[in-house]
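Colleague: I would like to discuss this structure in some detail. May we proceed by question and answer?

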Amino acid sequence: MSELPEHLREIIQRRNNVLGPGYTLIYKEPVEFVSGHGAHLVDRDGNDYLDAYNNVPCVGHAHPHVVDAVARQMAAVNTNTRYVQESLVDYAERLLGTFPTELSKLSLACSGSEANDLAVRVARYHTGGEGIIVTRWAYHGITREVASFSPHLGAGSPLGPNVRLIDPPDPRLVPPGSTLAEHMRNQVRDAVTDLERHGYRLAALITDCAHTSDGMFTDPVGYLQGMAEEVHAAGGVYIADEVQAGFARLGESMWGFSRHGVIPDIVTMGKPMGNGLPLSGVAFRPEVAHEFGHNVRYFNTFGGSSIPVAAGAAVLDVLEEENVQQRVLECGTALRTGLEEITEDSAFVAQVRGSGLFIGVEIVRDRATLEPDRARTEDVINDLRDRRILINGTGKSANVLKIRPPLAFTSGDVTRFLETFAEVAKVRL
């Protein structure tokens with residue numbers, strides 16, 4: 001702290017004086033940004049940082065098309081969903097058009113936490129059950145309800161008695177003689193049995209389609225079908241949490257669940273939808289949401305209001321007009337290949353994994369034991385920050401480098417990232 005510039009020290013001190021509990025800063029040397037463009041952030045002194053961490057500005061920081069759409073809407077009117085808004089209907093039709101036809105109803109909110117909260121409310125109403133199944137270190141949000149099935153929040157945020165945990169789809173956890181698909185199916189079946197034994201009927205299985213907080217597991221695909229079958233056999237629904245994996249993030253498709261050939265009952269979305277404006281959504285099979293919609297009042301003052309909808313529509317414009325999914329696939333492949341080449345001989349890197357522009361690098365004390373090395377991971381993160389490359393960590397032991405840039409990442413950004421990462425790897429890996 002004492003080594004920071006005086007201006008930065010003063011702001012941090014003022015911040016500590018007035019902000020409530022739970023606020024943290026990342027990096028040993030915190031950084032302040034005053035502007036951004038594409039996948040770049042600029043600090044007060046004009047230094048350019050490559051942002052390989054922030055997925056919220058989905059199509060890029062301060063994208064001019066999104067900025068213009070929001071400014072024009074703000075200068076006109078901002079009303080909520082109790083008034084007729086053609087722009088809202090247009091947006092809902094366009095967004096739902098990216099889903100399988102079975103998912104044909106959309107509700108809008110402001111955050112991923114709200115989206116997951118609503119999804120579980122609907123699941124409970126539809127099934128009459130209370131039981132929830134999630135992966136072992138999952139994170140789905142911060143409302144009291146959603147926190148009760150977000151084990152990533154730690155011991156200070158207890159899980160509900162109606163929650164059961166299963167392994168993420170890590171092939172290394174599969175028992176000998178079994179397959180990943182069998183292992184995942186069996187875990188769901190066992191969780192359902194245990195819930196029923198304790199008096200809980202299943203309401204939903206909810207999974208992050210990239211298993212971000214579990215340590216990032218996107219491959220192999222195909223295991224999800226059996227899990228969904230077990231859920232439906234128990235009378236529950238499958239909720240795909242696409243807050244982090246959606247909007248072409250994984251490169252191969254618009255939505256993470258599509259890679260598995262599965263159609264969820266409910267899909268939740270958040271962060272990238274409005275490119276930084278608070279906008280989230282829940283897509284439903286109509287038969288799942290019908291009774292809830294008929295009997296329960298749900299209104300969100302800001303969810304679906306004119307300004308965030310304008311931002312959401314502009315994001316869809318950019319995704320289409322700039323062929324973002326193809327760029328993500330190409331840049332993501334180059335990035336992952338480069339990382340694999342740099343770390344292939346490292347005794348401290350267990351795996352490079354991920355898809356599209358969502359890549360994890362698992363750092364361990366040695367490859368034989370796979371014991372997590374959080375300290376080394378933090379050193380890599382901070383060394384990159386010192387070289388003006390921004391990433392962070394994830395996983396239960398926070399020993400997986402989380403590389404998750406805005407989808408505006410270019411081939412030039414990939415080159416800069418890999419060259420800088422190679423410098424750090426020589427010292428740390």
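Modeller: A residue counts as buried under 20% relative accessible area, as exposed over 50%, and as partly exposed in between. Please keep in mind that the model is predicted.

Colleague: Is arginine 387 buried, partly exposed or exposed?

Modeller: The limits for the middle class are 20% and 50%. Arginine 387 has a relative accessibility of 36%, so the class that applies is partly exposed.

Colleague: Which residue forms a salt bridge with arginine 387?

Modeller: The closest N and O atoms of the pair are 3.4 Å apart, and a salt bridge requires them to lie within 4 Å. Arginine 387 lies in the loop between α11 and β13, and its partner, 36 residues apart from it, is in helix α12.

Colleague: Which helices are tied together by the pair of aspartate 383 and arginine 428?

Modeller: The side chains of aspartate 383 and arginine 428 meet in a salt bridge of 2.6 Å, N to O. Aspartate 383 is buried, with a relative accessible area of 12%, whereas arginine 428 is partly exposed at 27%. The two residues are 45 residues apart in sequence, so the pair ties together helix α11 (residues 374–386) and helix α12 (residues 411–428).

Colleague: How many residues apart are arginine 94 and aspartate 317?

Modeller: Their side chains meet in a salt bridge, 2.9 Å from N to O. Arginine 94 is partly exposed at 29% relative accessibility, while aspartate 317 is buried at 18%. Arginine 94 is in helix α3 (residues 86–96) and aspartate 317 in helix α9 (residues 306–321); the separation is 223 residues.

Colleague: How many salt bridges does a search of the whole structure find?

Modeller: For the whole structure, the search finds 28.

Colleague: Are the rings of phenylalanine 99 and tryptophan 255 stacked or edge-to-face?

Modeller: Phenylalanine 99 is buried, with a relative accessible area of 7%, and tryptophan 255 is buried, with 1%. Planes under 30 degrees apart count as stacked, and those over 60 as edge-to-face. The ring centres are 4.5 Å apart and the planes are at 10°, so the pair is stacked.

Colleague: Which residues do ring pairs link into a cluster?

Modeller: Phenylalanine 99 also forms a stacked pair with phenylalanine 257, at 6.3 Å centre to centre and 10° between the planes. Phenylalanine 99 lies in the loop between α3 and β4 and phenylalanine 257 in the loop between β8 and β9, so this pair ties together parts that are 158 residues apart in sequence. The cluster consists of Phe99, Phe247, Trp255 and Phe257.

Colleague: How many residues lining the largest cavity are charged?

Modeller: The largest cavity has a volume of about 30 Å³. Its lining is formed by Thr207, Asp208, Cys209, His211, Tyr223, Leu224, Tyr238 and His260. These divide into four nonpolar and three polar residues, and the number of charged residues is one.

Technical notes
Residues numbered from 1 in each chain as written. Predicted model: local features only at pLDDT ≥ 70, side-chain atom pairs only at ≥ 80, totals over all residues. Heavy atoms only, no water. Helix = DSSP H or I, 4+ residues; strand = E, 2+ residues; numbered from the N terminus. Buried < 20%, exposed > 50% of the residue type's maximum accessible area, 1.4 Å probe, protein only. 1 Å grid on protein atoms, 1.4 Å probe; cavity = no way out; pocket = protein on both sides within 12 Å on 5 of 7 lines; lining within 4 Å. Points joined across faces, edges and corners; volume = space filled by probe spheres on them. Nonpolar A, V, L, I, M, F, W, Y, C, P; charged D, E, K, R; others polar. Phe/Tyr/Trp six-rings, centres within 6.5 Å; stacked < 30°, edge-to-face > 60°.
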